[in-house]
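Please read the following report alongside the sequence and the model. It turns to a sheet and its helices, and then to salt bridges.

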Amino acid sequence: MKMEFAELEKELEHFSKKVAEHFRASTKLLKKRLPPEEVSQWAEVGMDMARNCYKSWDAVSEYFKATPQVLDHLDFAKLISWADSGRKLCQDDASLATAYFKSSPQTLSYLPTENLTEWAKLGQSLYQGDWKSTALAVKFFSDSPKLIRWLSLDELKQFTRLVNSLARQQHYDMANELIDSAKGVLPGIAAEDRKQFIALGTAIANIGSKDIWAYIKCCPQALSQVSSGLRGRFLTLTEQMIKLKPEDATDFFADGAEALGKVKHELHAEVLQRFEELMKKSLPAAIEFLKSSPVVLRRINSKDLGEWFEAGVRILGRNEDEGIAYFQLKSDRGEAILDQLAPGADLASFKEILHRYCKALTGKDVEIVPEDETLEETISWTQAERLSPEGTIVYLPSHVKRYPTKEENFAWLKVIVTQQAGHLEFGSQEFTFDKPSQFFDDMRPHLPEPSKEEEEEEEEPLTDLERFFRSFQDIKLAKAIFNVVEDARIDHILKQEYKGLSDTYQQIQRDELKLRRPLHLLRFREALVWLLIDLTLEKLEDILVPEEGAPFFKSAAPILGKVLSTKATVEDSAEATIRLYSIVNKAPNLIFPPEAWQVTETATGEKKTKKTVTPVPEPSIENLEVKGEEGPSEDRETREVEITLKDVADGKIPLGLIYTVYYEPEEMEATDAEGWDAPPTEEPEQVYYYDEWDYAAGAYRPNWCTIKERTLEESAEDFVQKTNKENPLLVEQIKSQFQVLELGHLKKIKKLPDGEGLDLDDAIQAIVDRKSGATPDEKIYWRKQKVERDVCVALLLDMSASTAEPVDMSELKLGAVLPPGMMPKRIIDVAKESISLLIGALETIGDKYGIYGFSSYGREHINFSIIKEIDESFSPKVGKRIDQISPLHATRMGPAIRHATAKLEAKDAKNRILFLISDGRPRDLEYGKGHADKEYAMHDTKMAFTEAARKGIAPFCLTVDKEGHDYMRDMMSSDMGYEVVDDIKLLPERLPQLYRRLSI
């Protein structure tokens, strides 16, 4: 038996060393648990797949690897049944079996063992023989653990039929999106309502592809706004809408959920009950009631809702159009009833007083106008008022009942008028584009100007403020940020100027913010702008922020603090907007679950304990830790830094210093400040999972790391073209070197009938043959013949945050904030130039090459950017992607190396090279037992390089870290190449030289 297993292992090595390794490891474990004949039977199933299925090595490898874990759930008979199902999948397509075997251990944690065969058949039913259906089936198997955890077998069958129906209509994108949507939605739906979620999807799919696409897209966010116990009921109502008015069903689903999101969760049941009652009488009236319910419940108490509702039902019974207008809040009768139920402050009673008050503050004859239409929600602490663009009219609600007494409601009106008058009094309407700010180095002069076409389209000349907003790609976002910043500036001045109103002013601000939707229901970019408002009202330690978004919030905080000064101007608000826009625009546009929102924290002390940020008065520069030319020392003492917004606003703490010292996330303090910019934000095009090597355990952590692959976006500028123009002499020098390389790659070919010269050995042999009477060979000449190069290289660029460091620290003044185009050259910029110059050389000699970048923010967020795929032809697009390369997060090298290796492994080339360019050692969140666990990261990286070498790929690592020799010898095996470039400025010349040496 021992000899038999040895022979099987030897045969498996012909397929793949990885297969043999997994077979050897699993056999060792199974022999302890199963009798020899059962182990043999198990092994034969794997051998059968390896011998008879096309490209089955990965599938067989996963089969052997998964078996010990699967055996924890199955007896041997069911284990063989499981294996047979995988073998059938492998006969269809090996990738199906690979995904099936790989996900089986986790799936069996939730799937009853008697349903195992049915599960395999469901995945197989999605396969139709083409690549799209193959990818869909693979996704089904891969995501099965996250589906089966929440769905019964019958529900899974129903769900798979829906996915299949989309696929058979060639809507594969929708089918894939549906699986992703289900993974996010199912955990939040009660068990008894999950079938309804699928049934609704099926019903909407029958309407048309546009509707099901809208349902898939909005479903996660929509359902998150509905009280968890009522989501099934809401789904049922939507399904009824399909029968009554199918064309409006998806709009109702999105708009209805949004309306409920603005109502307290404890009132959702009552609102839905009244909607159902009204639905039987008039569907349009019911829809209007649901949409207006947030406004109504802001004006009256929930106990008075029934009386207002019944009055509307009576009107509806007499005249449907009048009843619809009533629930639409466009009826005089309805307004009168609301006023009666909501006694408070009438604007008419106080209009003259407020007019005089406003005139006294501003010196202008400002008109007070009632505004009773439902206003579009904007990002501002107060939603009820609206200042006219020309600044001479203040709009206020005709009736206010936010508080139980008339005095409190009048105080609310007074604060709102004060806030709006403050915009007039302190210059919000007087913005001048070219006027210098007080607290910033002005970046406005460097913003792009509106095009002539845009200006010609305008009937009137653009105001300076409109011209400013036109400089941003997302004008709506820029306006929202500007409004928040300018409100914060005005609020701060008013509370300083009018001390008697300050406490009431701040309390009303806080009360107003309680009426907004919970931030965990919003995508984080919008929530981040709201958080800036919170920052002007709360202490930093009282604000809840998701951990993944904390770096953005902490980076934005000091910028907002700069305008909290009585000396700040509207131009300061504009400058703050530019900086905040950049931060918000990079933030992850995700919805974080409620449990992810926690108080902001910072690492303090040697024990790396967490402590909330507590402001202390007047810290000094001497107490802050500053990066020197040599970079931060890893053994340095970490000082606790505590800063108030006022310190930043008063200019006591330079903004640049805040960025580099204080507002780095605490998780990154031990990683050379990598990662201050927060986790990846872009939606990945593909997701891959890789094992990670745990040297202490002597084993891999399966599927431990998540690679999120995306193609880098293109900028407007071709960086390659720009670099070539700026370095013409170097370009020619490199090009000539590689042309010589191309010409010099010749091989001497012998035994030719004619050629450049005689081969002495063959000529002598011909003479001997002739004298001995034998027929001599006439092929006695030689010729040098050019040998075609067969080289394929993957250039892998470290895009960690530390590459943002300037090449020459002397160019950067402490605390300076430089405008675009005046920043000192960074490590990443030199690396981009080097790659751009190398491209010309590679194109000259015709080598196949791919360019990729990577950064990470923990094992689940490894961003792998495609700049150029190996099979992609060079074009200006590549240069525009290189221009977008920028420092991001941390440096988890192992998974990035494995992913680049996989790309090279798929290419048929004689010489395959993996060329890594980095600026330091591998580091990341939890890359080992803690941030200081350098050994774990080093060993995993070394193993990733070793894996590449085993696959016939030559790894090479180039680092610009001056201390690279200290760890490179340990990270790279003796037969692997590396080089430390002490002077980063030499990299553009050195990189092509190194490549030339490697590829010969």
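## A parallel pair within the sheet

Strand S15 (residues 791–798) and strand S16 (residues 848–856) pair in the parallel sense over seven bridges, where pairing requires at least two DSSP bridges between two strands; helices (H or I, at least four residues) and strands (E, at least two) are DSSP runs numbered from the N terminus. Within this pair, Leu 795 stands opposite Ile 851 in S16.

This is a predicted model, in which local features need pLDDT of at least 70 and side-chain atom pairs count only at pLDDT 80 or more, whereas totals for chains, interfaces and linings use all residues. Residues are numbered from 1 along each chain as its sequence is written, and side-chain values use heavy atoms, with hydrogens and water left out.

## The open sheet

Eight strands form an open sheet of mixed pairing, in the order S10-S11-S17-S16-S15-S18-S19-S20. Its edge strands, each pairing on one side only, are S10 (686–694) and S20 (977–980).

## Salt bridges

The structure holds 31 salt bridges, each defined by a side-chain nitrogen of Lys or Arg within 4 Å of a carboxyl oxygen of Asp or Glu. One of them joins Lys 903 to Glu 869, with the closest N and O atoms 3.1 Å apart. Because Lys 903 lies in helix H36 and Glu 869 in the loop between S17 and helix H35 (876–882), the pair ties together parts that are 34 residues apart in sequence.

Lys 903 counts as buried at 13% relative accessibility, while Glu 869, at 26%, counts as partly exposed (buried means under 20% relative accessible area, exposed over 50%, partly exposed in between, with a 1.4 Å probe and protein chains only).
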